[in-house]
Structure formats: C-alpha cells, structure tokens
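Subject: Structure for you to look at

Hello,

Here is the structure I said I would pass on. Please open it beside this email and follow along.

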Amino acid sequence: MSRLTVGIGDYGCVHYRRRCRIRSPCCGKVFSCRHCHNDAMNLNERDPSKRHDLPRHSVERVICSLCGSEQEVSQVCKKCQVCMGEYFCETCKFFDDDTTKNQFHCVSCGICRVGGKDNFFHCEKCGCCYSIQLQKRHFCVENAMHHNCPVCFNYLFDSVDQIAVMPCGHTIHAFCLTDMYRHSQYSCPMCSKSVCDMSSMWDTLDREVAATPMPDIYRDKMVWILCNDCGESSSLFSHYCSEMPSMWFLQYSADYCWLIKFFPQLIVQIL
Ligand SMILES: [Zn+2]
Ligand SMILES: [Zn+2]
Ligand SMILES: [Zn+2]
Ligand SMILES: [Zn+2]
Ligand SMILES: [Zn+2]
Ligand SMILES: [Zn+2]
Ligand SMILES: [Zn+2]
Ligand SMILES: [Zn+2]
C-alpha cells in the first residue's frame, strides 16, 4: 500500500479531516485548522487586544500528524511521505481528507469553496461564486457578497455557511433568512424588497378586503404609497383590516402594491 493513504480520515479536528496541523503565522501557535485558531483566539480569548483571525494565505509551516515533523507547506510530508490532505490547495494552504465536499479553488474569489466547480460560476459584478442555477437569473449588485449579513452581521464572502441571494440581489445567510421568515419578515433588510413570492399572501389579503367593508370614518381617506418592489408611487383609498389587528391600512392597486404596516416593502404615508 502506498504511504500516501496511510491514516486517511484518522486525523483532524471538528472542522476538517487532515493529516497535519498548521503553525499560525500570526501568533506562532499550532492549531489543527484556522477555525480552531479563530475560535481559540477570539471566542475564548479574554484580552480583546489579543483577539485576531488567522491570515489563511500566509501559513508557511505545517506539522505532519503522523511523524510530527514541521516543514514548509506542501501536500506530501517530506519526512514520512504521507499525504497530509487528499484535497490540497497551495494558494489557501488548505488540506482536507474529506473530498466528498467537492472542494475547488476559485481564482477570482481567491479562496477555496465547496460544492463542485461545475456547480458554480463566478459573477464578476457580485464578486463571488454563485450556484449555476443563478447564472443570468439573478439581480447583480456590485460586490454583493463583500459585506456583512444584514441579520447576524458576520462577513458573508468567506462564510462557511450557506448564503442565499434574495431576488433584489442582496445576500444573507440561508439560516438568517429562515429566521426572518419565522418572525414573519418577508422583506430584504437592506432595500425592503420582497424576499419571496408574496402572491399567496396578497390573495389572502384580497379576500380579506372584500370581506370587510370600511367604517365610515375611513371610507374616504386617501393614502400615498411608494412600492419598494416596483418603485411606483400612487394614492389609494385606505382599507382597515379588522381580521389582522396588527396591520393598519391596506389597499391595492391593479399590480398588487400593498400597503400594510407590517410590510415594509411599502413606504407609507397617510394623507
Ligand atoms: Zn494567531
Ligand atoms: Zn479545526
Ligand atoms: Zn510525516
Ligand atoms: Zn484555495
Ligand atoms: Zn469565485
Ligand atoms: Zn451577479
Ligand atoms: Zn447571517
Ligand atoms: Zn435587497
């Protein structure tokens, strides 16, 4: 049996299976991976001045987990000839024995990603790799991924968690989006456009309006709305929605511009 496969899958940390540890270029300490380093140096570090992330591209030395010899970064151990990572990226100094993640390095992103090269394309304008399902089918936003998630404020571009692209082109963690749904938030926190197909909601409200005639005091009240989805503004008759006490006035135009207190897709002004 070739030395290359010895110990495959037997070494690593909770983040990666790999047969080496890395010498941190920042603080000189040895860790299994950059996440182990960042957890130890941020989450568990009491002194704020000592907190820092590992600059992954600057890793220069690794320690073979089988023979313990410290050496320059390369895929195969110079001393015992074991392969230290079935997947290896020389640019990212990245090792992983679990290749089922289909890692690939994107030159434009400058980092390694998972999910298979063939399933992604790099959008130059958004500045990130997106699923090919979004190719020519997403709204490009300049450097869309190079900002923090609008919900949890963690940086999105190199996040290991799944990212969702909203119809407006803004980006967010998939689980943060789910969290928004759970709290009945259906508009982008950055631009207030709808984040999903709202037609069934609008249908429900249609029926609601039809079923609840307006009391006299509100009957002639006009409201001015700016629909953040379509960008049109208009004046409409208001409608109070009794079945949904938390919602105020609602009204619609032919193209389903809804006005409801709890749908910030619409900027509202009561005339
Ligand atoms: Zn460090
Ligand atoms: Zn780790
Ligand atoms: Zn070795
Ligand atoms: Zn890489
Ligand atoms: Zn990319
Ligand atoms: Zn794009
Ligand atoms: Zn988030
Ligand atoms: Zn948006």
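This is a predicted model: local features need pLDDT of at least 70, side-chain atom pairs count only at pLDDT 80 or more; totals for chains, interfaces and linings use all residues.

Residues are numbered from 1 along each chain as its sequence is written, and chains are lettered from A and ligands numbered from 1 in the order in which they are written.

Overall picture

The protein chain holds 4 helices and 15 strands. Both are DSSP runs numbered from the N terminus: helices are H or I with at least four residues, strands are E with at least two. The chain has 271 residues, and 28% of them count as buried. A residue is buried if 20 or more other C-beta atoms, placed from the backbone, lie within 10 Å of its own. Two residues are in contact if their C-beta atoms, placed from the backbone, lie within 7 Å. Among contacts with a separation of 6 or more, 39% are between residues 24 or more positions apart.

The sheet of β1 to β4

Strands of a sheet pair through backbone hydrogen bonds, either parallel or antiparallel. Two strands are said to pair here if DSSP finds at least two bridges between them. An open sheet is formed by 4 strands in the order β2-β1-β3-β4, with antiparallel pairing. Its edge strands are β2 and β4 (70-72), each of which pairs on one side only.

Going through the pairs, β1 (residues 20-23) and β3 (residues 61-64) are joined by 4 bridges, and R21 stands opposite I63. Between β1 and β2 (residues 30-31) there are 2 bridges, with I22 opposite F31. The hairpin of β1 and β2 has 6 residues between the strands, and G28 there takes a positive phi near 75°. β3 and β4 are joined by 3 bridges; R61 has E72 as its bridge partner in β4.

A residue before β1

R18 lies in the segment before β1. Is R18 buried or exposed? R18 is buried, because 27 other C-beta atoms lie within 10 Å. Leaving out residues up to four places away in sequence, R18 touches Y11, G12, M84, G85, F95, D96 and D97. The C-alpha atoms of R18 and C83 are 9.1 Å apart, although 65 residues separate the two along the chain.

The hairpin of β9 and β10

Strands β9 (residues 120-123) and β10 (residues 128-131) pair in the antiparallel sense over 4 bridges. H122 has C129 in β10 as its bridge partner. There are 4 residues between these strands, and G127 takes a positive phi near 75°.

The nonpolar cores

A nonpolar core is a set of buried Ala, Val, Leu, Ile, Met, Phe, Trp, Tyr and Cys residues joined through C-beta atoms within 7 Å. Which residues of the largest core touch the most other members? In this core of 19 residues, they are C126, C128, Y130, A144, M145 and M166. The elements that give two or more residues to this core are β9, β10 and β11 (163-165). β10 supplies the largest share, 3 residues.

M145 touches C126, G127, C128, L156, F157, I163 and T171, not counting residues up to four places away in sequence. A second, separate core has 16 residues, including Y16, C33, C77 and F88.

Regards

Note on methods
A residue is buried if 20 or more other C-beta atoms lie within 10 Å of its own, exposed if 12 or fewer, and partly exposed in between; C-beta atoms are placed from the backbone.
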